[in-house]
Amino acid sequence: MSLATVVKLTNDDKTQRRLMVEEDSRQQIAFSAPHTEDYSQPVLVMSRQRLRDNARRFMAAMPRVRAHFAVKANADAEILQIFKEEGTCFEVASIAEIDAMVELGANMETVFYSNPIKSPVSIAHAAKSGLLWYCVDTPEEVAKIAAIKPDAKLYLRIEVSNEGSSWPLAGKFGATPNGVEAIIEAAKVLDMKICGVTFHVGSQCCNIDNWVAGIGAAKKLFAKLSSHGFVPELLNMGGGYPLQFTGEEPTIEEIAVRINQELESIPENIQVMAEPGRYFVGSAGCLVSQVVGTATRDDVRWVYLDTGVYGGLMELTLDFPVIIVSERTGEPGLWTMAGPTCDSIDVMGRHKLPANTEAEDFIYMPNLGAYCTTCACDFNGFPPPVMRMID
Ligand SMILES: Cc1ncc(COP(=O)(O)O)c(C=O)c1O
């Protein structure tokens with residue numbers, strides 16, 4: 001889904017936005033370039049100032065919305081500290097992320113456990129660590145939490161459209177209308193409190209209608225919950241706020257205009273929060289990688305990088321218009337891009353790089369501060385990207 005379908009843009013606007021994205025990429029590459037000196041493994045260069053700017057811009061755009069950074073996007077301790085200083089709260093999915101919150105000295109009652117399916121051990125760990133709020137999207141989860149943390153505040157995750165998101169999350173999570181009935185029944189039988197509603201529009205979501213529909217559905221569910229004797233007090237709008245890869249994506253301010261408008265009909269006593277992950281960290285980080293070698297197989301030209309699907313570039317296999325820039329200039333060619341491991345799933349589609357690309361060329365990928373290092377492992381002994389912070 002392109003921005004043109006949700007916001008009316010003239011051709012001049014489009015050119016202007018594309019130029020802004022190009023300028024932003026140039027800036028990210030400029031602050032990353034010094035890290036090619038004494039290079040020994042892929043580097044994710046993260047800017048502290050950009051982290052702060054992203055958090056501030058998000059909070060300024062939606063003053064009523066309390067931001068809970070989704071730790072999964074980048075769990076680095078210094079990054080968490082920066083967001084804590086900026087006044088954001090947090091959202092977690094696992095024991096390790098809960099422990100990171102304890103380490104950070106976060107107010108644990110404001111840490112939200114939004115993974116809809118949690119092991120009994122992790123629920124017990126969360127309860128012991130002081131977490132109050134737990135997401136549910138099945139009656140089974142209500143029962144698991146009831147047995148371990150009977151005074152938990154539950155928030156019910158509903159299914160919403162993920163159309164127009166680069167990384168859809170619908171299907172795996174989110175209660176259908178029938179599922180909602182079953183959850184309400186289970187909560188009543190087990191005397192558990194359903195205090196809120198949540199949804200996730202899918203990651204890198206460029207379709208503002210998904211948030212509008214989610215808020216509308218939550219409003220209806222508040223009425224239903226009240227009719228069953230529950231007292232709704234929370235609207236959690238999840239994550240999905242997109243980065244600018246092409247300039248065709250809606251900006252956070254454009255998304256905010258619609259969301260803020262919808263929130264006007266949400267009663268004041270309902271606290272409103274969101275769980276931005278990618279938006280907070282993505283544009284703060286640029287990945288520096290190096291070409292291991294090139295190969296010609298029949299008519300196909302392959303370029304092998306020193307990191308790939310196992311090394312933080314999983315999203316390149318999907319519908320992400322990631323910007324890939326070589327230090328080498330020259331006529332572009334179309335390359336099949338692969339990571340260094342011996343696994344055949346370690347292939348990341350076709351991308352443009354200079355036709356004369358050679359081993360040891362440096363390759364820059366701006367906007368990779370999210371889901372890069374947290375999704376990387378050292379399969380085959382290839383080192384995952386190391387993170388370096390700059391001011
Ligand atoms: C429950 C939940 N909240 C928030 C996020 C963050 O999403 P994003 O990084 O797209 O903002 C995710 C991502 O998967 C998620 O599963």
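Predicted model: local features only at pLDDT ≥ 70, side-chain atom pairs only at ≥ 80, totals over all residues.
Local features need pLDDT of at least 70 and side-chain atom pairs count only at pLDDT 80 or more, while totals for chains, interfaces and linings use all residues. Residues are numbered from 1 along each chain as its sequence is written, and side-chain values use heavy atoms, with hydrogens and water left out.

Around the ligand there are 15 residues, the closest being Ser-203, Gly-240, Glu-275, Arg-278 and Tyr-371; to be near, a residue must have a heavy atom within 4 Å of the molecule. This shell splits into 4 nonpolar, 6 polar and 5 charged residues, where Asp, Glu, Lys and Arg count as charged, Ala, Val, Leu, Ile, Met, Phe, Trp, Tyr, Cys and Pro as nonpolar, and the others, Gly among them, as polar.

Polar contacts (pairs of N or O atoms within 3.5 Å) turn up here too. In the side chain of Ser-203, an N or O atom is 2.4 Å from a ligand oxygen; for the side chain of His-200 the figure is 3.1 Å. Gly-277 takes part through a backbone N or O atom, 2.9 Å from an oxygen of the ligand. On its own the ligand has 400 Å² of accessible area, and the protein covers 90% of that (Shrake-Rupley method, 1.4 Å probe).

Elsewhere, aromatic rings pair up if their centres lie within 6.5 Å, and the count comes to 15 such pairs. Phe-69 and Phe-83 have ring centres 4.7 Å apart and planes at 55°, so this pair is tilted (planes under 30 degrees apart are stacked, over 60 edge-to-face, the rest tilted). The pair links distant parts of the chain, 14 residues apart: Phe-69 belongs to strand 2 (residues 65–70) and Phe-83 to helix 3 (residues 77–85), with helices (H or I, at least four residues) and strands (E, at least two) taken as DSSP runs numbered from the N terminus.

How values were computed: Polar contact = N/O pair within 3.5 Å; in protein donor to acceptor, adjacent residues only side chain to side chain. Phe/Tyr/Trp six-rings, centres within 6.5 Å; stacked < 30°, edge-to-face > 60°.
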